[in-house]
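Subject: Structure handover

Hi,

Here is the structure for you to look over.

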Amino acid sequence: MRTVLIVGGSKGIGKAISKVLLDTSKVINISRSQPEFTHQNLTHYCCDILTDELPDLESVDTLIYCPGSINLKPFERLKIEDFKADFELNFIGAVKAIQKYLPNLKQVNNPSILLFSTVASKLGMPFHASVASVKSAIEGLVKSLAAEYAPKIRINAIAPTVTHTTLAAKLLRNDKQINQMIERHPLKKYLSPEEVAEMATFLISDKSASMSGQIFEMDCGITTFKN
């Protein structure tokens, strides 16, 4: 049974990924909050990725880094501290986790790393200057590390559009906002965390053994076409 390490597996997309994997994999969750669910294959470490020392682990086959932010403000209202905070959480946290567990990944067969970007890195959107910038840095990291560690370790990222999680709650506060969000997307929907979890499960499996250095857009059509 493989061991999947999820940073930020207590809520949102990370939580959905954990639930999909628990029946077939050992899941190690590192996050500040205790998961709302238990399972015999789940191990939790209470840890702040930015300030705490990460736990030593015996085995890691896959690393998934889920923490992120949606800090949407007009550029003139964004302070340097906003950019720094988003960069620390989205990018530096991922680098910290990868550097910590890279030795573990090198010791197993078919290891993989999965990170998260955003559709806003490809599609210019007002008020997304900070989050789009830091997620674009994630995309550069994915491609660079995929080249550096091929063929041993595969590294990919998912770039989702709005996903129905607590992180995106401000964008889906009422029926009007929900309908507007649905109409913005050509497929007339936005994402559920379960949909993203299924894609994540595929990308860390042997079924995607030929894929590395890729950014997979789950965009409900918003960056690809109009209708």
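Below are notes on salt bridges first, then cysteines.

This is a predicted model, so local features need pLDDT of at least 70, side-chain atom pairs count only at pLDDT 80 or more, and totals for chains, interfaces and linings use all residues. Residues are numbered from 1 along each chain as its sequence is written, and side-chain values use heavy atoms, with hydrogens and water left out.

**Salt bridges**

Side chains of opposite charge can pair when their charged atoms come close. The rule used here asks for a side-chain nitrogen of Lys or Arg within 4 Å of a carboxyl oxygen of Asp or Glu. By that rule there are six salt bridges. Three of them are described here, with accessibility given as relative accessible area: buried is under 20%, exposed is over 50%, and partly exposed is in between (1.4 Å probe, protein chains only).

- Lys15 and Glu36: their closest N and O atoms are 3.1 Å apart. Lys15 sits in helix H1 (residues 12–21) and Glu36 in the loop between strand S2 (26–31) and strand S3 (42–46), so the pair ties together parts 21 residues apart in sequence. Helices (H or I, at least four residues) and strands (E, at least two) are DSSP runs, numbered from the N terminus. Lys15 is partly exposed at 21%, whereas Glu36 is exposed at 68%.
- Glu217 and Lys122: this salt bridge spans 3.6 Å, N to O. Glu217 belongs to strand S7 (residues 215–218), and Lys122 to the loop between strand S5 (112–116) and helix H3 (129–149), so parts 95 residues apart in sequence are tied together. Glu217 is partly exposed, at 32%. Lys122 is exposed, at 56%.
- Lys189 and Glu195: the N to O distance is 3.0 Å. Lys189 is partly exposed at 28%. Glu195 is partly exposed at 31%.

**Cysteines**

A disulfide is a covalent bond between the sulfur atoms of two cysteines. The cut-off used here is a pair of cysteine sulfur atoms within 2.5 Å.

Take Cys47. The closest cysteine sulfur to its own is in Cys46, 7.7 Å away, which is too far for a bond. Cys47 is buried, at 6%.

Cys220 is in no disulfide either. Its nearest cysteine sulfur belongs to Cys66, 18 Å away. Cys220 is buried, at 7%.

Best wishes
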